[in-house]
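Me: I'd like to learn how to read the inside of a protein model. Can you walk me through it?

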Amino acid sequence: MAEEKRYADSPVWKELSGRRILLMGVKSSLKQSFLQNLSHMGTQMGWEFQVQEDPKEIRKGDLIFIFGLVREKRYASWKELRSLLETLRLLEGSEFEAAAFITGTEVYGRLYGKERTIREDEMGYVSHLLEEDTGSFCMRMAENLAGRLAREKNLPVKILRTARTWEDTVSDTVLAEGVAGDFGSHIQQLIQGAVLALLWGKPGQAYNLPWEETSFEENSQNRSPLSPIPLKPDTEKLEQLRKG
């Protein structure tokens with residue numbers, strides 16, 4: 001109950017009142033969950049805002065989430081990357097309020113050593129030649145463009161990363177859990193973290209989104225000391241935004 005109240009009382013929801021939130025980019029279970037849950041969560045808090053998927057135009061004052069979860073391999077991943085780059089370029093010349101580009105923790109690549117939570121500035125090994133790395137490599141490239149738009153074009157674009165194991169764990173039930181569950185469920189915590197970074201994060205900066213601890217338990221128990229460590233994202237940077 002305390003956790004539910006913590007998320008329900010966040011002032012971030014008041015800032016969405018009367019706004020238009022655009023969902024763009026690659027189709028995924030996460031994008032669909034945002035579409036289903038955002039309006040519902042706003043209604044719970046008493047704040048109404050419009051959520052629109054893949055709009056024909058970007059208007060002044062819009063808030064934008066661009067989903068860049070490239071999970072395909074080989075040619076399909078490069079095709080999705082091209083589509084993402086075209087979407088990101090739509091931001092140039094638009095008078096939107098803020099945008100967040102959402103990727104996955106696969107961008108960190110393979111990291112070794114002592115098991116730990118991974119900060120946003122830690123990057124491991126990713127190969128553009130390995131089939132299993134093509135999605136990670138493409139997401140890194142897209143993140144680089146998003147960061148360039150913020151630094152060189154002075155656009156209010158942030159980068160958000162979600163844990164792959166978390167999405168895989170809940171992908172089959174994410175819609176039912178999020179909409180039917182109490183305020184403060186795992187999907188709603190993730191969405192609120194994304195909204196927080198969208199509104200209060202610094203342009204060009206990356207933020208790890210909340211994740212579910214139990215989604216990593218089996219991986220940790222079976223890991224060889226010579227294997228890459230589990231990509232558990234450190235969310236302290238996001239928590240600092242919450243604390244103001």
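Reply: Start with contact: two residues count as in contact when they have heavy atoms within 4.5 Å. This is a predicted model, where local features need pLDDT of at least 70, side-chain atom pairs count only at pLDDT 80 or more, and totals for chains, interfaces and linings use all residues. Residues are numbered from 1 along each chain as its sequence is written, and side-chain values use heavy atoms, with hydrogens and water left out.

Me: Okay, which residues is Leu-160 in contact with, leaving aside its neighbours within four places in sequence?

Reply: Among them are Phe-65, Phe-101, Ala-194, Tyr-207 and Leu-209.

Me: What is a nonpolar core, and how many residues has the largest one?

Reply: It's a set of buried Ala, Val, Leu, Ile, Met, Phe, Trp, Tyr and Cys residues joined through side-chain atoms within 4.5 Å. Buried means under 20% relative accessible area, with a 1.4 Å probe and protein chains only. The largest here has 32 residues, and Phe-34, Leu-38, Phe-65 and Leu-160 have the most contacts inside it. Elements giving it two or more residues include β1 (20–25), β3 (63–67) and α7 (186–200). Helices (H or I, at least four residues) and strands (E, at least two) are DSSP runs, numbered from the N terminus. α7 gives the most, 9 residues.

Me: Why is β1 called largely enclosed?

Reply: Because 5 of its 6 residues are buried.

Me: And which strands does β1 pair with?

Reply: Strands pair if DSSP finds at least two bridges between them. β1 runs parallel to β2 (residues 50–53) over 4 bridges, and 5 bridges join β1 to β3, also parallel. Ile-21 stands opposite Val-51 in β2, while its bridge partner in β3 is Leu-63.

Key:
Buried means under 20% relative accessible area, exposed over 50%, partly exposed in between (1.4 Å probe, protein chains only).
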